[in-house]
Amino acid sequence: MAKVVVTGKIPAGGLARLKAEHDVLAWESDEAISRTELLQMVSGADAIVSLLTEKIDGELLTASGPQLKSVSNVAVGYNNIDVPACEERGVLVTNTPGVLTEATADIAMALILMSTRRLGEGERVIRAQDPWQWGMFYMLGMGLQGRQLGIVGMGQIGIATARRAKAFGMNIAYTRRSPLEVDVAKDLDAKFMSMDELIESSDVLSLHCPYSPATHHLISENQLARMKPTAYLINTARGPIVDEQALVDALKAGQIAGVGLDVFEHEPKVNPGLLELDNAVLIPHLGSATVETRAAMADIAATNALAILAGKTAPNLVTS
Ligand code: DGY
């Protein structure tokens, strides 16, 4: 039996599968594990099943010991893991692609609707019991029909978001390393653009690229200044892709019309400037937060960890 360390609470199905085959040490509290406790807990682990809130770096790999074979993130994004440090030590890294595509695209579409139709702002008026009355010009938003949705990073989640937006009558444009396969692009009637062209021409710009040093502050002062003043920015990917202070400044200066954020640069902290702005819709990293999706994520992470411990090829390797 191998020692498997699970660094946070995960759905029962995935945990049970790990327990059925191995000696599992799981962090059972609702509160996130402290760094000190984490470093102690991973000592002697053969496999780690990690959450995106835990930093898996050289220090942690050393604390685990040379027997460590794998780190299986219960997330599709794995920017919390120092992949080169894992590779150096021969530790395999896996993630959970596919199963959270639809849930995350739902949240991206929800943020598009919430920000363009001022739903957070409207709800706050009702909850605050502020006086209000139907009015011809009261709380007008932007209609989506015929507007351009610009997708940065047209992978699975970007495509799923584009499908939803198309059903709302939006025109789809995107940028990514290479154009989509012809049939997918044709199905979505999606136009491939350069990043600059996309930024300048989109009515809603939605971020779906992974976070890495190359995408750090991909959207900063310069890009925000080139967006249409009537445009909205949506981020369901990772917070540090956007320079949050530059975003606050741009919103305050009226350089863009609004923003919908599911992720934050210094999560769980939120830039106080955003909290003051009615045209900022802010939700707490809910992209994959459905019962079904989280169960599937835990199940896939378990499949990956169990495969590696059994000497097989894991289905979702991000290391080679
Ligand atoms: C992921 O899996 O990367 C998501 O952000 C989790 O919600």
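This is a predicted model: local features need pLDDT of at least 70, side-chain atom pairs count only at pLDDT 80 or more; totals for chains, interfaces and linings use all residues.
I take contact to mean heavy atoms within 4.5 Å.

**Entry 1: domains**

I noted that the domain assignment gives domain 1 as 3-97 + 291-318 and domain 2 as 101-282. I found their C-alpha centres 32 Å apart.

**Entry 2: the interface**

I looked up how many residues meet across the boundary: five residues of domain 1 are in contact with four residues of domain 2. For the buried area between the two domains I recorded about 400 Å², with 53% of it on carbon and sulfur atoms. On the domain 1 side, I found that Leu52, Asn79 and Thr293 supply 71% of the area buried against domain 2, more than any other three residues. I then searched this interface for polar links. The rule finds zero salt bridges between domain 1 and domain 2, and one residue pair in polar contact, with both residues at pLDDT 80 or more.

**Entry 3: the cores**

I turned to the largest nonpolar core and found 28 residues in it. Those with the most contacts inside this core are Leu205, Ile219, Leu224, Met227, Leu233, Leu247 and Leu274. I listed the elements that give two or more residues to the core: helix H9 (195-201), strand S9 (204-207), helix H11 (244-252) and strand S11 (258-261). H11 gives the most, with five residues.

I then inspected leucine 233. Leaving aside neighbours within four places in sequence, I found this leucine in contact with residues including Leu205, Ile219, Met227, Val242, Leu247, Ile256 and Val259.

Key:
Residues are numbered from 1 along each chain as its sequence is written. Side-chain values use heavy atoms; hydrogens and water are left out. A nonpolar core is a set of buried Ala, Val, Leu, Ile, Met, Phe, Trp, Tyr and Cys residues joined through side-chain atoms within 4.5 Å. Buried means under 20% relative accessible area, exposed over 50%, partly exposed in between (1.4 Å probe, protein chains only). Helices (H or I, at least four residues) and strands (E, at least two) are DSSP runs, numbered from the N terminus. Domain bounds come from an automatic or database domain assignment. Buried area is the accessible area (1.4 Å probe) that two parts lose on being put together, summed over both. A salt bridge is a side-chain nitrogen of Lys or Arg within 4 Å of a carboxyl oxygen of Asp or Glu. A polar contact is a pair of N or O atoms within 3.5 Å; within protein, one must be able to donate a hydrogen and the other to accept it, and residues adjacent in sequence count only if both atoms are side-chain atoms.
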